[in-house]
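Subject: Structure handover and notes

Hi,

Here is the structure I promised to pass on. Please have it open while you read, and my notes follow below.

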Amino acid sequence: NTITCNTAISAYEKYSRWEKALQLFGLMMHGTMESSAITFNATINACHSGEWEKACQFLAVMAQRKVELDCVTCNASIGSCENLGEWEKCLQYLDAMEHNKVESTTVTFNSAINVLARCGECTKALQLFSNMVQCNVQMDAITFNAAISACSATRNWE
């Protein structure tokens, strides 16, 4: 059943067995078993250990299958962008969250700021930092570290 498969995919993720996770995910997609946001979350996270490109494709598959986006899925997808250097996709995911009325959290902003800073898009990273205040999203130590990283990359300390 779906719960058993989701649990197995999560176990594969825990042990960096992304190939097995993708294989099971494929069986679920081609079979009669229903998938859920949890299925996609687990599979995206499993891909972080080796198949980042595939992780970035899952939001499109979710839309095709009419699986509702959630914050965890979007955060995992944004995290995949960091490994790929795909800052544009990161911003697309943020737009998709807004479009689908998925609430952005501290984790969402922290991940996106890190992606932008590490990809050399420091001005955009600092704009997101400013957006957190406008969106009333709580900042934490990770937020400030990400902003400091963005500033150090641009040597903008003001």
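A word on the element names to start with: helices (H or I, at least four residues) and strands (E, at least two) are DSSP runs, numbered from the N terminus. This is a predicted model, in which local features need pLDDT of at least 70 and side-chain atom pairs count only at pLDDT 80 or more, while totals for chains, interfaces and linings use all residues. Residues are numbered from 1 along each chain as its sequence is written, and side-chain values use heavy atoms, with hydrogens and water left out.

**The loop between H1 and H2**

Ser16 sits in the loop between H1 and H2. Although Ser16 is not a glycine, its phi is positive, at about 55 degrees. Ser16 counts as partly exposed because its relative accessibility is 44%; on this scale buried means under 20% relative accessible area, exposed over 50%, and partly exposed in between (1.4 Å probe, protein chains only).

Helix H1 covers residues 2-14 and helix H2 residues 18-30; they pack with their axes 8 Å apart, at an angle of about 160 degrees. H1 is therefore roughly antiparallel to H2. Axes here are lines fitted to C-alpha atoms, for helices over the stretch in contact, and the angles run from 0 to 180 degrees between N-to-C directions. Angles under 35 degrees count as roughly parallel, over 145 as roughly antiparallel, 65 to 115 as roughly perpendicular and the rest as oblique.

H1 and H2 cross in a left-handed way. A crossing is called left-handed if the near helix is turned anticlockwise from the far one by less than a right angle, and right-handed if clockwise.

Which residues of H1 and H2 meet? From H1 they are Thr2, Cys5, Asn6, Ala8, Ile9 and Tyr12, and from H2 Lys20, Ala21, Leu24, Phe25 and Met28. Contact means heavy atoms within 4.5 Å. Sorted by class, the residues of the contact of H1 with H2 are eight nonpolar, two polar and one charged. The classes are as follows: Ala, Val, Leu, Ile, Met, Phe, Trp, Tyr, Cys and Pro count as nonpolar, Asp, Glu, Lys and Arg as charged, and the others, Gly among them, as polar.

H1 also packs with H3: their axes come within 8 Å and cross at roughly 15 degrees. H1 is therefore roughly parallel to H3. This crossing of H1 and H3 is left-handed too. On the H1 side the contact is made by Thr2, Asn6, Ile9, Ser10 and Glu13, and on the H3 side by Ile38, Thr39, Ala42, Thr43, Asn45 and Ala46. The contact of H1 with H3 has four nonpolar, six polar and one charged residues.

Ile44 belongs to helix H3 (residues 37-47). Ile44 counts as buried because its relative accessibility is 0%.

Lys54 is part of helix H4 (residues 52-55) and is partly exposed, with a relative accessible area of 34%. Leaving aside neighbours within four places in sequence, Lys54 is in contact with Leu22 and Cys47.

**H7 with H8**

Helix H7 (residues 87-99) and helix H8 (residues 106-118) have axes that come within 9 Å and cross at roughly 155 degrees. H7 and H8 are therefore roughly antiparallel to each other, and their crossing is left-handed. Trp87, Cys90, Leu91, Leu94 and Met97 of H7 make the contact with Thr108, Ala112, Val115 and Leu116 of H8. Those residues of H7 and H8 divide into eight nonpolar, one polar and no charged.

**Two asparagines**

Is Asn110 buried or exposed? Asn110, in helix H8, is buried, with a relative accessible area of 5%. Its side chain makes a polar contact with the side chain of Asp140 (3.1 Å). A polar contact is a pair of N or O atoms within 3.5 Å; within protein, one must be able to donate a hydrogen and the other to accept it, and residues adjacent in sequence count only if both atoms are side-chain atoms. Apart from neighbours within four places in sequence, Asn110 is in contact with Met132, Asp140, Ile142 and Thr143.

Asn136 lies in the loop between helix H9 (122-134) and helix H10 (141-154). Asn136 is exposed, with a relative accessible area of 73%, and its phi is positive, near 60 degrees.

Best wishes
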